[in-house]
Amino acid sequence: AASPSSSASTSLPANGEATSAGTGQDVTASPSSDDQSLRSKMRGKLVAGLKSAAADVLKAADVAVSEVPEDPAVLLARAKALNNEGKYKHACEVIEEAYALQPKISTALSAANLRLKLGDYGKAVAAYRKVLAAVDSENGPSDSEVAMATRKLKEAEEAIRASAISIALLERSGPPRLMSWYADQLDSLSDELFSESASLYAEHGVELQDGLKEVSRLIRLRRLGAAGMTLKPVEKTITKACLAHRDDDERQWLTTVRSVLNGVRARAAEVQQALREFDEESSGGWQPAQEGMGIRTEWRPSEVDASLWIRMNGELNGAELLHAAAVAHEADLWPRWIPLCSAGEVVGNGADAMERFSWIQFDLPMMRRGALLHWSLSDSLLDRQSLLLLGASVPEHPGVERPAGASGVTLAEFRAIKVLVRPRSSATARIRCVLNLDLKVSALPQAIISMVTKKIAGAVLSSLMREAQKLSRECGRDASDIEFNVYHRRIEQRADFYQHFSSLITNYFDLYGEEDDIDD
């Protein structure tokens, strides 16, 4: 038997509770930590289930409420408040929702007025015309509403005209004849004048020969704007000669000359038109795309098709203009600096450095596009202090074809590329560019619009500037380093073009001087 001093034994009384013998204290074991964790998890699941059930009930209630259309009067009041706060776009959405619930002339006019205020002129015009079309119908517009719709319709139509693109496309139904061809034809016709007709030569020979030679000279100098102005007296002389009696040979000569001059006039008119367009450039309708490094890029959709208009304005600085010209001119090196450009090369035969055909290809996400482009540089430095580069897509044609490796690439269409360069110093120039691009997609996704306007167009001038600055830095090093620069090698290999370009810039600054306020 245990001694009285040993640990107290436990006994189980009739009520089933364990107590310590001699003390009567409860000695039942406490719940274990595992039990407590299990109970906590069960409690959490129960609470989560209740919350989920409550959320489902609330959601069902919200759906039921949302299915009940709002009172048009409430929507109109909300639209008025939004309009007073200057939140015109939201106000327009709300008021158009009210009109859908309760079509009223007053509501339609309010929505149209907001569209006009937002600059959505096309929808505003459609809305005003719809109001005026209901004049003789039941519940048609009142006299005051007709007067407002008429006045606002005129305002919206004038806004459309004011913001419309006034930039001519460059029509290229086929690869155009090179300007050097026109110069050769004029020289040949001038030389043939005496042999074709002594009488015609005696009457108009000096005027015709001098005029044709001068037009040819200006063409070879790439002064197409000046050549267009010189055409007028020559054409007057030809018209005068045609009025007299002529034999078949004389009439054939006059007809041939007129045909050649018509081609020259059409190309000269493109130059003169582009120069006027840059003078009359408007800001209406353009949306910002990208701005940085002193270059601003804007875009707007075409009013007539799925194409995009893109406009770039900026300052090229920190690189010699000759080096910037080399970067822009060497087509096979375009993938080095043009964003998303995967290929570029000169195509066709017989082109010269001032006018040529090229292939360019872009690899966009889920879309590859290429283009055959005709480029022509016009010198307007003496009369307009500018160089003008014109470009446009041309269809495939024998002698002007895409590279063999691009056989499956869809052709995009550049309907106009117009670049105006105004030199300000030997290392600074203002550049203005406008282009129209049709990617041949029925409906352009916003993601593609953003990529084209921001990633490509928005970065192309700054990329050109960085590449040219790098070239200028490398050419400033030791001669031993220069030989490894591919652009410098091209400048040496194609000395005729680059020396001519350098002479243009040098002669221009000799005549006009460099600008003093470049940093302003």
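This is a short walk through one protein chain, from its overall make-up to a few single residues.

The structure is a predicted model, and each residue carries a confidence score called pLDDT. Across the chain the average pLDDT is 85, and 82% of the residues score at least 70. Confidence is lowest in strand S1 (residues 10-11), with a mean of 38, and highest in strand S9 (residues 386-393), at 97. Over residues 1-30 the pLDDT stays under 50, and the model has 20 contacts beyond four places in sequence for them. Over residues 63-67 the pLDDT also stays under 50, but here the model has 0 contacts beyond four places in sequence.

Now step back and look at the whole chain. You will find 16 helices and 12 strands. Of the 520 residues, 43% are buried. Take the contacts between residues at least 6 apart in sequence: 62% of them join residues at least 24 apart.

With that overview in mind, turn to a pair of helices. Helix H2 covers residues 72-84 and helix H3 covers residues 88-101; their axes lie 8 Å apart, and the helices pack at an angle of about 165°. H2 and H3 are therefore roughly antiparallel to each other, since an angle over 145 degrees counts as such. H2 passes H3 in a left-handed crossing. On the H2 side, the contact is made by Pro-72, Leu-75, Leu-76, Arg-78, Ala-79, Leu-82 and Asn-83, while H3 brings Tyr-88, His-90, Ala-91, Val-94, Ile-95, Glu-97, Ala-98 and Leu-101. Sorted by class, the residues in this contact of H2 with H3 are 11 nonpolar, 2 polar and 2 charged.

Next, follow the chain to helix H4 (residues 105-118) and helix H5 (residues 121-133). These two pack at an angle of about 160°, with 8 Å between their axes. That angle makes H4 roughly antiparallel to H5. The crossing in which H4 passes H5 is left-handed. Who meets whom here? From H4 come Ile-105, Ala-108, Leu-109, Ala-112, Asn-113, Arg-115 and Leu-116, and they meet Tyr-121, Lys-123, Ala-124, Ala-127, Tyr-128 and Val-131 in H5. The contact of H4 with H5 has 10 nonpolar residues, 1 polar residue and 2 charged residues.

Two loop residues are worth a visit for their backbone. Asn-139 sits in the loop between H5 and helix H6 (143-163). Although Asn-139 is not a glycine, its phi is positive, at about 60°. Asn-139 is exposed, with a relative accessible area of 68%. Further along, Lys-440 is found in the loop between strand S12 (428-438) and helix H13 (446-475). Lys-440 is not a glycine either, yet it has a positive phi of about 60°. With a relative accessible area of 41%, Lys-440 is partly exposed.

Our last stop is Leu-382, in helix H12 (residues 381-384). Leu-382 is partly exposed, its relative accessible area being 43%. Which residues does Leu-382 contact, leaving aside its neighbours within four places in sequence? They are Arg-223, Leu-511 and Tyr-512. Leu-382 and Tyr-508 are 126 residues apart along the chain, and their C-alpha atoms are separated by 7.3 Å.

Conventions: Residues are numbered from 1 along each chain as its sequence is written. This is a predicted model: local features need pLDDT of at least 70, side-chain atom pairs count only at pLDDT 80 or more; totals for chains, interfaces and linings use all residues. Side-chain values use heavy atoms; hydrogens and water are left out. Axes are lines fitted to C-alpha atoms, for helices over the stretch in contact, and angles run from 0 to 180 degrees between N-to-C directions. Helices (H or I, at least four residues) and strands (E, at least two) are DSSP runs, numbered from the N terminus. Angles under 35 degrees count as roughly parallel, over 145 as roughly antiparallel, 65 to 115 as roughly perpendicular and the rest as oblique. A crossing is left-handed if the near helix is turned anticlockwise from the far one by less than a right angle, and right-handed if clockwise. Contact means heavy atoms within 4.5 Å. Ala, Val, Leu, Ile, Met, Phe, Trp, Tyr, Cys and Pro count as nonpolar, Asp, Glu, Lys and Arg as charged, and the others, Gly among them, as polar. pLDDT is the predictor's confidence in each residue, from 0 to 100. Buried means under 20% relative accessible area, exposed over 50%, partly exposed in between (1.4 Å probe, protein chains only).
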